[in-house]
Amino acid sequence: MRSLIDIKELSLEELDGLIATALDIIDNPQKYSEKCKGKKLATLFFEPSTRTRLSFEAAMYELGGNVLGFSEASSSSSAKGESVADTAKMISCYADIIAMRHPKEGAPLVASMNATIPVVNAGDGGHNHPTQTLADLLTIKRKKGRFENLTIGLCGDLKFGRTVHSLIAAMSRYKGIKFVLISPEELRIPSYVKTDVLDKNGIEYVETKDLCTAMPELDILYMTRIQKERFFNEEDYLRLKDSYILDLPKLDNAKKDLCIMHPLPRVNEISVKVDSDPRACYFEQALNGKYMRMALILMLLGIN
Ligand code: CP
């Protein structure tokens, strides 16, 4: 029995396998429509979500399975004080696989240590979001055709941005990767990501506050939201929230084949006018998340 808590738990061969399955699902959806017949996915979301929860649910339905769960902590017995460990033990009696999002870093790991079914980390606080990274990887594969020799700009909240932390961990295993880390001083990438991931893998990176200067060299621009829910005081959030707003003039100096990504939800950081630019990939990225979650469910349930 295997869970997915951190993207690094998947080998490069396994990532290739998941991408191959997702591409086959896109081409042959009918072949997969009953693969999970009789299986149940539990979505335990202690924190808000649109894409992750609903794409997990759509994924299970499109595999012929069923879904149960809750979308806010207040409607579960955690509101009465039940622990994550006990919740995981209980849900193991009712479902075959769990997708859990929680505001506390490490909560899905605790769940996986107590469940008797696979647990997928659907985002834990400011820590990790491995299935977003699966969506990101399929998007990069489909748009760029490779994972090597890419300059990737990560822009916005790099401190609390769990999608950024997981993507750096995944892409640092490929050759010729350079990161341009674009953020305000206060929202720089955590030092543990620099030492344990970037430095350890000998990855080239620069830190800057300036998106426009970085733009011309980027193959991928990964925008992120300044996350109000991660701030301890509103004053800091208000000061930083509009640090970066990507609009069409800022793309004048960008490569013609730039891939603009965003895990979404967006607030102000990408102008809606960018949506119709052929370089905008973020809605496709969200769709890719469903296919990769289908592939992951099949893998963790041991279904071929
Ligand atoms: N990208 C992402 O995790 O979106 P949601 O918060 O809507 O699930």
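I looked up Pro265 and placed it in the loop between β9 (259–261) and α10 (282–300). The model I am reading is predicted.

I then checked the peptide bond from Leu264 to Pro265, and it is cis, with omega near 5°. I noted for background that most peptide bonds are trans and that most residues other than glycine have a negative phi.

Next I turned to Leu264, which is found in the loop between β9 and α10. Its phi is near 65°, a positive value in a residue other than glycine. Is Leu264 buried or exposed? I found a relative accessible area of 12% for Leu264; buried means under 20%, so this residue is buried.

I also looked up Asn149, in the loop between α5 (130–144) and β5 (151–155). Phi of Asn149 is positive too, near 55°. The relative accessible area of Asn149 is 53%; exposed means over 50%, so Asn149 is exposed.

Then I went to the ligand. Which residues are around the ligand? I listed Ser49, Thr50, Arg51, Thr52, Arg101, His129, Gln132, Pro263 and Leu264. I sorted this shell into two nonpolar, five polar and two charged residues. The ligand sits in the largest pocket.

For Ser49, an N or O atom of the side chain is 2.6 Å from a ligand oxygen. For Thr50, a backbone N or O atom lies 2.8 Å from a ligand oxygen. For His129, a side-chain N or O atom is 2.9 Å from a ligand oxygen. Taken alone, the ligand exposes 260 Å², and the protein buries 92% of that.

Methods: Residues are numbered from 1 along each chain as its sequence is written. This is a predicted model: local features need pLDDT of at least 70, side-chain atom pairs count only at pLDDT 80 or more; totals for chains, interfaces and linings use all residues. Side-chain values use heavy atoms; hydrogens and water are left out. A residue is near a molecule or strand if one of its heavy atoms lies within 4 Å of it. A polar contact is a pair of N or O atoms within 3.5 Å; within protein, one must be able to donate a hydrogen and the other to accept it, and residues adjacent in sequence count only if both atoms are side-chain atoms. Accessible areas come from the Shrake-Rupley method with a 1.4 Å probe; for residues, only the protein chains shown count as cover. On a 1 Å grid over the protein atoms alone, a cavity is a set of points where a 1.4 Å probe fits but cannot get out, and a pocket is an open set with protein on both sides within 12 Å along at least five of seven lines; lining residues have an atom within 4 Å of a point. A molecule sits in a cavity or pocket if more than half of its atoms lie within 2 Å of its grid points. Ala, Val, Leu, Ile, Met, Phe, Trp, Tyr, Cys and Pro count as nonpolar, Asp, Glu, Lys and Arg as charged, and the others, Gly among them, as polar. Helices (H or I, at least four residues) and strands (E, at least two) are DSSP runs, numbered from the N terminus. Buried means under 20% relative accessible area, exposed over 50%, partly exposed in between (1.4 Å probe, protein chains only).
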